[in-house]
Amino acid sequence: MTAITLDRLGKDFGGSTALHEVSLEFPSGAFVVLLGPSGCGKTTTLRMLAGLEEPTRGRIRFGDRVVANGDTGESVPAEKRGLGMVFQSYALWPHMSVRTNIDWPLRVARWSAADRQARVTEVLAMLGITALADRYPAEISGGQQQRVAIARTIAARPQVLLFDEPLSNLDARLRVDTRAELAQVHRATGGTSVYVTHDQVEALALATHIAVMRDGRVEQFGPPAELLEHPATAFVASFLGTPPAVLLAGEASGGWLRRSGAELTVASGEGRPLKAMYRPQDVGLGPSGCLQFDVVECTPLAGRYVVSGLSDGDRVSIITETPVAAGTSSRLILPETPAALFGADDTRVTA
Ligand SMILES: Nc1ncnc2c1ncn2[C@@H]1O[C@H](COP(=O)(O)OP(=O)(O)OP(=O)(O)O)[C@@H](O)[C@H]1O
């Protein structure tokens with residue numbers, strides 16, 4: 001079992017900083033998802049874990065072993081880090097059968113013939129591709145090729161598995177199926193997995209821990225439920241959840257959040273700009289509501305509806321029991337007090 005430690009890890013490209021000093025501890029056996037918008041530093045972090053990119057500063061440890069040290073320039077080569085990588089695009093050897101493709105890394109690692117045969121049989125079964133063992137890559141579908149690539153990656157039992165948006169080339173149905181398989185593969189290897197995506201639904205489905213990243217920094221790191229229940233910043237609150245939390249901006253004064261056309265009770269944050277957070281399922285619609293709401297879209301979701309629209313410039317999505325027609329206007333009925341408040345610097349304000 002291998003815990004992964006990032007200790008003041010940072011990376012510059014020329015004059016610009018892709019990753020500031022990030023310190024995190026990924027527990028042994030965790031499935032960690034690096035989540036954030038394009039350009040936030042997810043892939044750079046993953047590539048440093050893989051040994052494909054050297055840190056500018058700070059260290060990476062796998063268990064007790066320092067595998068990269070940006071301060072001294074020391075680095076363990078990628079192939080000696082005991083890791084497996086699954087990428088968005090995968091290259092199977094076209095002239096080798098599925099079985100030979102999976103067997104190859106074991107052959108390179110000088111496993112005995114008997115051990116190799118047993119392990120290949122095991123991973124073929126784990127990925128549900130036993131029947132394809134004697135076919136060549138050109139004779140199987142894209143989704144099946146992806147499974148072969150995953151089987152090949154895990155064959156040598158890597159203690160660290162790295163995934164770089166492995167599902168982004170698959171269609172919606174296959175994404176869900178393969179996602180479930182990846183979770184199973186992770187559990188079966190017993191290793192520590194790090195997975196990069198900008199898709200929060202994927203992150204919430206797979207992760208034991210999520211690191212939400214923005215502009216080369218980690219905004220929050222923890223179990224998904226903790227991030228959903230107690231977002232540390234307005235950015236995290238706006239990024240996670242289906243739909244994400246409702247955030248309303250205004251100026252706080254005398255226990256009220258003033259915005260055009262309404263005053264909301266907030267009970268703290270005197271004299272400062274604030275964002276008040278409400279959970280989408282706690283916000284209602286009706287003529288008695290305090291804020292104007294112009295409905296843009298209504299989408300069914302598991303027997304209920306996600307109604308999205310605009311309230312005085314703020315984008316708002318809430319959950320309703322009945323559909324609401326796009327193009328209509330209503331009013332938002334808010335709970336008495338917000339679930340959280342965020343200050344001008346985006347971080348949480350405590351009452
Ligand atoms: N080889 C490179 N040379 C120069 N700048 C780079 C290089 N690789 C990444 N960057 C920059 O570093 C920052 C972080 O990039 P990174 O690829 O890690 O982001 P990301 O979160 O993975 O984005 P995406 O989801 O689009 O892949 C970006 O500003 C990017 O332009």
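**Figure 1. Where domain 1 and domain 2 touch.** Eight residues of domain 1 are in contact with six residues of domain 2, where contact means that the C-beta atoms of two residues, placed from the backbone, lie within 7 Å. On the domain 1 side, the elements giving two or more residues are helix 6 (200-206), strand 9 (209-214), strand 10 (217-222) and helix 7 (224-229). Helices here are DSSP runs of H or I with at least four residues, strands are runs of E with at least two, and both are numbered from the N terminus. This side of domain 1 divides into four nonpolar, two polar and two charged residues. Ala, Val, Leu, Ile, Met, Phe, Trp, Tyr, Cys and Pro count as nonpolar, Asp, Glu, Lys and Arg as charged, and the others, Gly among them, as polar. Domain 1 spans 4-229 and domain 2 spans 234-349, with bounds from an automatic or database domain assignment. Their C-alpha centres lie 37 Å apart.

A note for all views: this is a predicted model, in which local features need pLDDT of at least 70 and side-chain atom pairs count only at pLDDT 80 or more, while totals for chains, interfaces and linings use all residues. Residues are numbered from 1 along each chain as its sequence is written.

**Figure 2. The residues around the ligand.** Here you will find Phe13, Ala18, Gly36, Ser38, Gly39, Cys40, Gly41, Lys42, Thr43, Thr44 and His198, each with its C-beta atom, placed from the backbone, within 6 Å of the ligand. Helix 1 (residues 42-50) gives the largest share of this shell, three residues. By class, the shell has three nonpolar, seven polar and one charged.

Figure 3. Strand 1 (residues 4-13) and strand 4 (residues 57-62) run antiparallel and are joined by five bridges; strands pair if DSSP finds at least two bridges between them. Look for Thr5 opposite Arg61 in strand 4. Four bridges join strand 4 to strand 5 (residues 65-69), again antiparallel, and Arg59 has Asn69 in strand 5 as its bridge partner. Strand 4 and strand 5 form a hairpin with two residues between them, and Gly63 in the turn has a positive phi of about 60°.

**Figure 4. Helix 4 beside helix 5.** Gly143, Gln146, Ile150 and Ile154 in helix 4 meet Leu174, Thr178, Val185 and Thr189 in helix 5. This contact has four nonpolar, four polar and no charged residues.
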